[in-house]
4 protein chains.
Amino acid sequence: MKDIQSLEDHRKTPIQKVGITNLKYPAFFEGLSGKIHPVASTWDLSVSLDADKKGTHMSRFVEIIHEMHHTLSVSQLTRILKMMQDRLHAKKAFVRIGFAYFVEKKSPITEHSSYLDYNVQLEGSANENSTAIALTVEIPVTTLCPSSKLISEFGAHNQRGIVSIRITPTGDISFEELISYAEASASSELYAIVKREDEKFVTEKAYENPAFVEDLVRDVALHLRKDDRISNFRVQVTNFESIHNHDAYAVIEG
Amino acid sequence: MKDIQSLEDHRKTPIQKVGITNLKYPAFFEGLSGKIHPVASTWDLSVSLDADKKGTHMSRFVEIIHEMHHTLSVSQLTRILKMMQDRLHAKKAFVRIGFAYFVEKKSPITEHSSYLDYNVQLEGSANENSTAIALTVEIPVTTLCPSSKLISEFGAHNQRGIVSIRITPTGDISFEELISYAEASASSELYAIVKREDEKFVTEKAYENPAFVEDLVRDVALHLRKDDRISNFRVQVTNFESIHNHDAYAVIEG
Amino acid sequence: MKDIQSLEDHRKTPIQKVGITNLKYPAFFEGLSGKIHPVASTWDLSVSLDADKKGTHMSRFVEIIHEMHHTLSVSQLTRILKMMQDRLHAKKAFVRIGFAYFVEKKSPITEHSSYLDYNVQLEGSANENSTAIALTVEIPVTTLCPSSKLISEFGAHNQRGIVSIRITPTGDISFEELISYAEASASSELYAIVKREDEKFVTEKAYENPAFVEDLVRDVALHLRKDDRISNFRVQVTNFESIHNHDAYAVIEG
Amino acid sequence: MKDIQSLEDHRKTPIQKVGITNLKYPAFFEGLSGKIHPVASTWDLSVSLDADKKGTHMSRFVEIIHEMHHTLSVSQLTRILKMMQDRLHAKKAFVRIGFAYFVEKKSPITEHSSYLDYNVQLEGSANENSTAIALTVEIPVTTLCPSSKLISEFGAHNQRGIVSIRITPTGDISFEELISYAEASASSELYAIVKREDEKFVTEKAYENPAFVEDLVRDVALHLRKDDRISNFRVQVTNFESIHNHDAYAVIEG
């Protein structure tokens, strides 16, 4: 049966990325602690294509995922990239894997346990000489407006916000550590369960720790800059403003 | 050229709805005041299909939209439904048209003008004897938690919420009137522009008007029940809780 | 600490549903075969609220989820509903749990294994006297247009479509059985991996089995009607038309 | 009333972008031909913030939008950026405006008129010395798989795909011209209305013009490279594969 993808192409036009995206797959992610998390993951894999080749072989991407989905980890990304380069005869390879990462936490006063979901992404890219890894985690938080607090006789508007942190790690760093940088910088962290005593605590804590998007993005950036396991980063804070139907945001790249 | 849709079907299975959905179209909506709103609308049109017919004629739906998109209004829905019944030889017809409806409003103290966007839907359904119309509008608001206020020494968590109102009108009623029912019942209404004096006002107003989803859904329901131009309704309030990563909601149908 | 939710309400307005929605939680779903599926689930839980009560107790919903997330199954829905009625002192309770359900399948000719994802929902509702259960599964398929095939000298437009089946079961029925009804009725079923021989097979199979949305919705309805473990159903087919930027759809309720 | 945003900040951390996002606004876009398009637009505006300033003034962004929404065009972006730099005392400014752009077209044989929707974005960024503009347009098309056609005795799988083109213009270039590059390169362009004769035409045309994502992305890149009004570009093609539940994609930057 003919393999049209392997024909020669005459358009003299290399392709930076060709592959598959939005593939949902069950997988098992192993965190730094060794704990295995079963996850519902979404995959994006691509390779570069030389100017003289007509097409890539899409089914090989899914074969690689099927082989590797049982042993997902940051350190496995390098192996996945190598498999892609070898089996697709490609100079460059790119992979991104996203999933909801669940962390069990206790409410601050009554200590009720519940899970909170954080969207995370593992990314890897390889060329002929080197490999680069990036980790992303989105942390939902409470933010309370310092201006609203200052100018109002009582109350202050507050809202859910999302802190999105993307880093290039140079050493072992867990999602939990990145999450703690955002939660320590926000007006309050979030919990799935809060009982009345917890609700009083988080309400008062938020009121005592007001933070603009500007404050939050800077405080997270300071944490990341101090951590010598991180070579560069991007932080974005997006606030779902409670007094507007639009959002506020701030970005620092460092 | 053969018309396979018009062949006889032998499965003895009528179809309640067959048609097109997610069609984006430019349109001109005329409100009750006579003001014309250019809108970017999304259409869903379908008809019933008798058991003995193999298929409907999808292109006719788009022809009707193309003929009618310049003169959209609640009263035109009946005409659109009639066109669908006639041209598609159908007993029943259904249409739903959604778009962002923009209302210009002034900020409460400094009176700066800006637009706020409300998602609305016009729906119509017809059978051989009668036609039914429904209007839906989604109103973004601020809600402030009464429990958080009561138990905390200062502050109270608040957030953006959405009040979704769907009604069957029996007389002329504008989107602006439905919007006013939700905005009057919320802790505060929203504005695209607030200057410092406005921000103080909305912060303090929200603190003085705390409302659970339960309070808000009931207060909106009371407004709708009293309005004799409304024969039945459904109200849903969804709060994007600032202290959780999930939402709270409440529904009343009346 | 005061419990404002338990105060008396004077608006004489009962609430049909009040609760939480969009809560993401890790869970373990046990299918009919006994196989355990770890899933990333999204929860919607609500109860009715009597006219004389001011509010419900939102944290109790999450406590129930936390207790029950390790042992999810269709038969457990009844127990979850009972817990909600008891702990929230409610006449009515409603629960909906959605997740991606992964099924391993072999490609039709070369027999390469891969997973396909199907979105499913478990729903339950209870009043003082009875409980009702519903199952929903969304099956992605290929559909090929019979009219396009008939009138064209070669080729026929085809596209990805989604068959959404919602049933009330009266006996044990698996997601796999509902999936098979849709896949048997479509022009072709889908696979994550297809090698060249498989691609030839699915292309030719689709061309030999053209189906309008009307055909597909009817054929699935006939399967469901014949299955005496199903008391009533709703089938919707939505085609992401390859020759349009809008979708076609058809619905049968029976 | 105190202006907390204007206080001095001591964290020595400049912010690359701070502003508002997801603001929906009515606007009037003037194309190169002079035709005015009323649009429902979504805005993202931000500025840089120096290390020594605590916060920006969010309401000024919305004031600028309110002043400028009646006269939107590519050439106005420069003016909007200048207003942002001046009123927010910022070195850098960034704006992105997205909306559905509707083009009326005739079906290929029967010449029935209908609108097709293309998502477009206008982007501008300015620093102290220069301004950069980018235009993006997403073109939905049909793609038919060359491999499926070659290896199958009849038929070929095809599907809706999206060609996303982002360019830096160095001269006047219309969205219609960018659209034509994608539609000329695809297996077939799309129409909202096709009658039977049109359907035969587009089916046969697609079968005679098969294109992998690799072919389509290369052919569009060749068009863009030849156009001397374009200094650099990014093209992405995404195919909603009809035989898979995931998508294929390819990217060329030039």
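**The surfaces of chain A**

Author: Across the interface of chain A and chain C, 14 residue pairs are in polar contact, both residues being at pLDDT 80 or more. A polar contact is a pair of N or O atoms within 3.5 Å; within protein, one must be able to donate a hydrogen and the other to accept it, and residues adjacent in sequence count only if both atoms are side-chain atoms. The model is predicted, and local features need pLDDT of at least 70, side-chain atom pairs count only at pLDDT 80 or more, while totals for chains, interfaces and linings use all residues; side-chain values use heavy atoms, without hydrogens and water. Residues are numbered from 1 along each chain as its sequence is written, chains are lettered from A and ligands numbered from 1 in the order in which they are written.

The contact (heavy atoms within 4.5 Å) takes 31 residues from chain A and 31 residues from chain C. Together the two chains bury about 2600 Å², buried area being the accessible area (1.4 Å probe) that two parts lose on being put together, summed over both. Carbon and sulfur atoms account for 67% of this area. A:Met1, A:Tyr115 and A:Arg196 supply 23% of what chain A buries against chain C, more than any other three residues.

Four salt bridges are counted between chain A and chain C, a salt bridge being a side-chain nitrogen of Lys or Arg within 4 Å of a carboxyl oxygen of Asp or Glu. In one of them, the side chain of C:Arg196 meets that of A:Asp3 at 3.3 Å, N to O. On the side of chain A that touches chain C, at least two residues each come from β1, β2, α1, β3 (93-106), β4 (113-126) and α5 (196-208). Such helices (H or I, at least four residues) and strands (E, at least two) are DSSP runs, numbered from the N terminus. On that side α1(A) gives the most, with five residues.

Chain A can be laid on chain C with an RMSD of 0.0 Å by a turn of 180 degrees and a shift of 0.0 Å along the axis, which means that the two are related by a two-fold axis. Both copies use the same surface, as 100% of the contact residues of chain A recur in chain C. Copies are superposed by least squares on the C-alpha atoms of residues with pLDDT of at least 70 in both.

The next surface of chain A faces chain D. Here 54 residues of chain A are in contact with 54 residues of chain D. About 4200 Å² is buried between these chains, and carbon and sulfur atoms give 57% of that. A:Arg11, A:Arg218 and A:Tyr249 supply 19% of the area that chain A buries against chain D, more than any other three residues.

Eight salt bridges are found across the interface of chain A and chain D. A:Asp215 meets the side chain of D:Lys54 in a salt bridge at 2.8 Å, N to O. A:Asp215 also forms a salt bridge with D:Arg11, at 2.5 Å, N to O. That pair runs from D:Arg11, in the segment before β1 of chain D, to A:Asp215 in helix α6 of chain A.

Opposite A:Val251 stands D:Lys17 in β1(D).

Notes
Two strands pair if DSSP finds at least two bridges between them.
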